[in-house]
Amino acid sequence: MLDKKIQEALSMAFSKLYNHELPASEVSLQPTRKEFEGSYTFVVFPYLKVTKGKPEDSGAQIGDWLKANTDFVANFNVVKGFLNLEVSDHTWVETLSSMDAENFTGTLSANGEKVMVEFSSPNTNKPLHLGHLRNNFLGDSAARILAANGYDVKKVNLVNDRGVHICKSMLAYQKMGNNETPVEAGMKGDHLIGKYYVKFDQMYKEEINELVGDGADPEVAKKEAPSIKEAQEMLQKWESGDQETVALWEKMNGWVYEGFDQTYKTMGIEFDTMYKESNTYLLGKELVEEGLKKEVFFKKDDGSVWVDLSDEGMDEKLVLRGDGTAVYMTQDMGTCDMKHKDFPFDKSVFVVGNEQDYHFKVLFAIMKKLGRSYAEGLYHLSYGMVDLPSGKMKSREGTVVDADDLLQEMFNTAEKHTRELGKIEGMENAEAEQLYKTLGLGALKYFLLKVDPKKRMLFNPQESIEFQGHTGPFIQYTHARISAILRRGKSLEVKSTFNPAEVGELNKREVDLIFRITEYTKALREAAKEYSPAVIAQYVYDLAKDYNGFYQEVPIFNESNKDTLAFRIALSSMTAKLIKQGMSLLGIEVPERM
């Protein structure tokens, strides 16, 4: 790649001018700021002890050497200690030509490392909601980005299918459900069970209010309300294998899974393995024994087992209750071992909201203390909550922003918007319907992924669907526009290759676009290093923006030089290819026409 050639040339310049060894791998380049001429900038300041000159003089000295001794630095300018390098037109054209000839994809070859990405992890007592969407899109995109960086990736989903919260839905259904099925109710299975979770909450609140009205303390009332006690009894029955309870649990969970499957399909999300908490909640107790033997854990007088993490800036953490029952930490420890046994990973990524930051810090510290070889590779991909303009989501009150409803709203909004703009003229109904789904889902995914995962964000459905601005549909529309240009080029029988020596002088927009194309692999590596799809989202947006600038300023088909015309078509084709590839890393499809 061109940046490597420049790094090597700068390394050579330091050797020749200053008799100083500067490894090419340590040479840092950055894109030149828009207000200055050039494409690459080398910062001279850190090397003034070597050059023994003023920043401007040192920059000029290095620039003169590069211009005289390479065929790719055409010119340079120095702004204080910043050496801005202008690359020759011929080099840019050659760069695109060789990328074309090599069928450049930017994807890195296999590195022999395994990564497990765990995401989604829904509860089987309610449908997926807006927060789950950010989680699913982040996990799926992170997995795609890691695979494109050469990792062997396994996507897993650990479903929370047991516990008192599941029994709440079961109890309300038992009391009020009259054996209704999703078909009879005309609802998806997950929505039907969610309905009973809300009903439980209403019933529970009424009981608390009644007890408080009779003089009970509110905190006591929460524990003594009949329905919460019944839910806890039901959990004990489930844990002891009571046939009737287990049968109801299996039936209701089965309905939920059918509902989840439909939602996952609509979202374009798939998993390699589904783990269920009902099969993992007893794991981890043998690790508690191991920890006691290794003196990593200690017992208190009541028999409870703890770990002291004060040496790591944390406090003491319970890993087993005094009565011998597990806590979440126990089970998570056991699940780590089980997952590593199933798929001996080098890295394991947990996509979970930032309210669990401390939990994962503790878990990872425990696994290191237990001497697990894989512990260094455990990573929490923490993300902020998603708000809507109307406020935060809640689930028990039934005011949650439902994923299915939001997806349908996005498809409807995409249809309305697309019709208004006349972007479906001449399309068959089936093609138009597919376009609405592609745009609606693309808008939603892009809007949720373009923000740094760590930041809390506000999702604005209306803004996300716009065809202008920092949105998915803007990028999708750019791809459709390029596809139309490529079809026209084909119909005009524009030649498929060009002779770099015959291509005319380049427009600044063409230079900017090729430069952006050469930065793809860098963005891909950074996205994997940071576990951040936002890096790819920004890159693809910048690429689409650069192409639109080129398209508006450079009349592609008003060109008599056949090599220049073929070059512009090749430049358009490479842009479309990287837009398609970059968007696919976000799990987004791009239309060929609209």
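In the predicted model, helices α6 (164-176) and α11 (243-267) each supply at least two residues of the lining of the largest cavity. This cavity has a volume of about 40 Å³ and is lined by Thr124, Asn125, Ile166, Ser169, Met170, Ile193, Trp249, Met252 and Asn253. The lining comprises five nonpolar and four polar residues, with no charged residue.

In total, two cavities of 30 Å³ or more were counted.

Helix packing was examined for two pairs. The axes of α4 (residues 89-101) and α20 (residues 508-518) come within 10 Å and cross at roughly 45 degrees; α4 is therefore oblique to α20. The crossing of α4 and α20 is left-handed. Asp89, Trp92, Thr95 and Met99 of α4 form the contact with Val511, Ile514, Phe515, Ile517 and Thr518 of α20. Six of these contact residues are nonpolar, two are polar and one is charged.

For α16 (residues 403-420) and α17 (residues 429-449), the axes come within 8 Å and cross at roughly 115 degrees, and the crossing is right-handed. Residues of α16 in this contact include Leu406, Phe411 and Arg419, while those of α17 include Leu435, Lys437 and Gly440. The contact of α16 with α17 contains eleven nonpolar, two polar and three charged residues.

Notes
Residues are numbered from 1 along each chain as its sequence is written. This is a predicted model: local features need pLDDT of at least 70, side-chain atom pairs count only at pLDDT 80 or more; totals for chains, interfaces and linings use all residues. Side-chain values use heavy atoms; hydrogens and water are left out. Axes are lines fitted to C-alpha atoms, for helices over the stretch in contact, and angles run from 0 to 180 degrees between N-to-C directions. Helices (H or I, at least four residues) and strands (E, at least two) are DSSP runs, numbered from the N terminus. Angles under 35 degrees count as roughly parallel, over 145 as roughly antiparallel, 65 to 115 as roughly perpendicular and the rest as oblique. A crossing is left-handed if the near helix is turned anticlockwise from the far one by less than a right angle, and right-handed if clockwise. Contact means heavy atoms within 4.5 Å. Ala, Val, Leu, Ile, Met, Phe, Trp, Tyr, Cys and Pro count as nonpolar, Asp, Glu, Lys and Arg as charged, and the others, Gly among them, as polar. On a 1 Å grid over the protein atoms alone, a cavity is a set of points where a 1.4 Å probe fits but cannot get out, and a pocket is an open set with protein on both sides within 12 Å along at least five of seven lines; lining residues have an atom within 4 Å of a point. Grid points are joined across faces, edges and corners, and a volume is the space filled by probe spheres set on the points.
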